[in-house]
Amino acid sequence: MATTILTVVATSLTNVWLEDGGKHYLLFFFTLYLPPYSFHRKILYYPYHVSLHPEGIMTQRLDWNTYFMSIARMVSERATCTRASIGAVIVRDRNIIATGYNGSPAGQPHCTEVGCLIYVSKNPNGEEEENCFRTIHAEINAITQAAKHGTSIDGADIYVTASPCYHCLKTLMNCGIKRVFYAKPYKIHNIKDLIDNSDVELVHIPLD
Ligand SMILES: [Zn+2]
Ligand SMILES: [Zn+2]
């Protein structure tokens with residue numbers, strides 16, 4: 001089926017050349033779309049800027065943190081829970097070990113097809129929380145992918161598009177994850193004590 005073929009269409013490609021002290025700057029503008037081919041479903045607008053020596057040697061690159069967090073954001077586009085789209089990438093020695101996004105267990109109906117199963121609970125602070133019973137969080141799915149393929153994640157880092165919930169953070173700690181990079185804070189006050197009493201480092205990597 002045409003709608004199941006993974007295709008990324010790059011459009012609006014614009015190359016702009018500027019002069020600045022003998023250096024040339026090349027600006028790319030990508031607009032990416034995923035199937036189904038509704039052009040209303042623009043998933044990513046990603047201005048990308050590199051500078052070039054007159055000889056054409058690239059002098060500016062994405063730093064590693066932005067690189068892996070950008071990949072986590074792309075992974076999040078596979079999420080199937082209608083409440084949120086979260087992506088996670090587990091990295092060691094600048095290599096991606098596993099990825100995960102939030103969604104139903106394999107073979108089970110997805111929230112996008114049958115709706116979320118919302119339940120309300122209270123945390124020990126007395127705050128009410130709403131969660132989806134149907135789905136597995138992105139961080140846990142990344143861990144399960146590593147487990148399924150027999151890959152240790154002890155000592156690795158994780159990049160997540162939102163700060164982890166209390167339950168995911170507990171699990172990440174026991175897997176030996178050393179650093180948690182997040183793009184957007186999500187009820188981050190709930191995990192402060194857990195972070196403060198551990199060796200795990202929580203690092204904010206904002207994305208545009
Ligand atoms: Zn859901
Ligand atoms: Zn979680």
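## Two loop residues with positive phi

K187 lies in the loop between β10 (179-184) and α5 (192-196); helices (H or I, at least four residues) and strands (E, at least two) are DSSP runs, numbered from the N terminus. K187 is not a glycine, yet its phi is positive, at about 45°. With 13 C-beta neighbours inside 10 Å, K187 counts as partly exposed. On this scale, a residue is buried if 20 or more other C-beta atoms lie within 10 Å of its own, exposed if 12 or fewer, and partly exposed in between, with C-beta atoms placed from the backbone.

R94, in the loop between β5 (87-92) and β6 (95-101), also has a positive phi, near 65°, and is likewise a residue other than glycine. R94 is exposed, because 9 other C-beta atoms lie within 10 Å. Most residues other than glycine have a negative phi.

## Basis and confidence of the model

This is a predicted model, in which local features need pLDDT of at least 70 and side-chain atom pairs count only at pLDDT 80 or more, while totals for chains, interfaces and linings use all residues. Residues are numbered from 1 along each chain as its sequence is written, and chains are lettered from A and ligands numbered from 1 in the order in which they are written.

The average pLDDT (the predictor's confidence in each residue, from 0 to 100) of the chain is 82, and 72% of the residues score at least 70. Over residues 1-33 pLDDT stays under 50, and the model has 46 contacts beyond four places in sequence for this stretch. A contact requires that the C-beta atoms of two residues, placed from the backbone, lie within 7 Å. Over residues 37-52 pLDDT again stays under 50, with 28 contacts beyond four places in sequence. Where pLDDT is low, the predicted coordinates should not be read in detail.

## Overall composition

The chain comprises 5 helices and 11 strands. Of its 208 residues, 26% are buried. Among contacts between residues at least 6 apart in sequence, 49% join residues at least 24 apart.

## The five-stranded sheet

An open sheet of 5 strands has the order β6-β5-β9-β10-β11, with mixed pairing. Its edge strands are β6 and β11 (201-204), each of which pairs on one side only. Two strands pair if DSSP finds at least two bridges between them. On average, neighbouring strands of this sheet are turned by 20° against each other, direction ignored; axes are lines fitted to C-alpha atoms, for helices over the stretch in contact, and angles run from 0 to 180 degrees between N-to-C directions.

Strand β9 (residues 157-162) runs parallel to β10, joined by 5 bridges. In this pairing D157 stands opposite R179 in β10, and A162 stands opposite K184 in β10. The pairing of β5 and β9 is antiparallel, over 4 bridges, and V91 stands opposite D157 in β9. Since 6 of the 6 residues of β9 are buried, this strand is largely enclosed by the rest of the structure.

The 13 residues of α1 should span 18 Å at 1.5 Å a residue, and its end C-alpha atoms are 18 Å apart, which agrees; the expected span is 1.5 Å times one less than the number of residues. Buried residues of α1 include F68, M69, A72 and V75. Their cover includes β5, β6, β9 and β10.

The largest nonpolar core has 35 residues, of which A72, A88, V89, I90, I158, Y159 and V160 touch the most other members. Such a core is a set of buried Ala, Val, Leu, Ile, Met, Phe, Trp, Tyr and Cys residues joined through C-beta atoms within 7 Å. Two or more residues each come from α1, β5, β6, α3, β9, α4 (166-174) and β10; the largest share, 5 residues, comes from α1. Y159 touches F68, M69, A72, A88, V89, V91 and F181, not counting residues up to four places away in sequence.

## Surroundings of Y182

Y182 is found in strand β10 and counts as buried, because it has 23 C-beta neighbours inside 10 Å. Beyond four places in sequence, Y182 touches V160, A162, S163 and H204. Y182 and P164 are 18 residues apart in sequence, and their C-alpha atoms are 7.9 Å apart in space.
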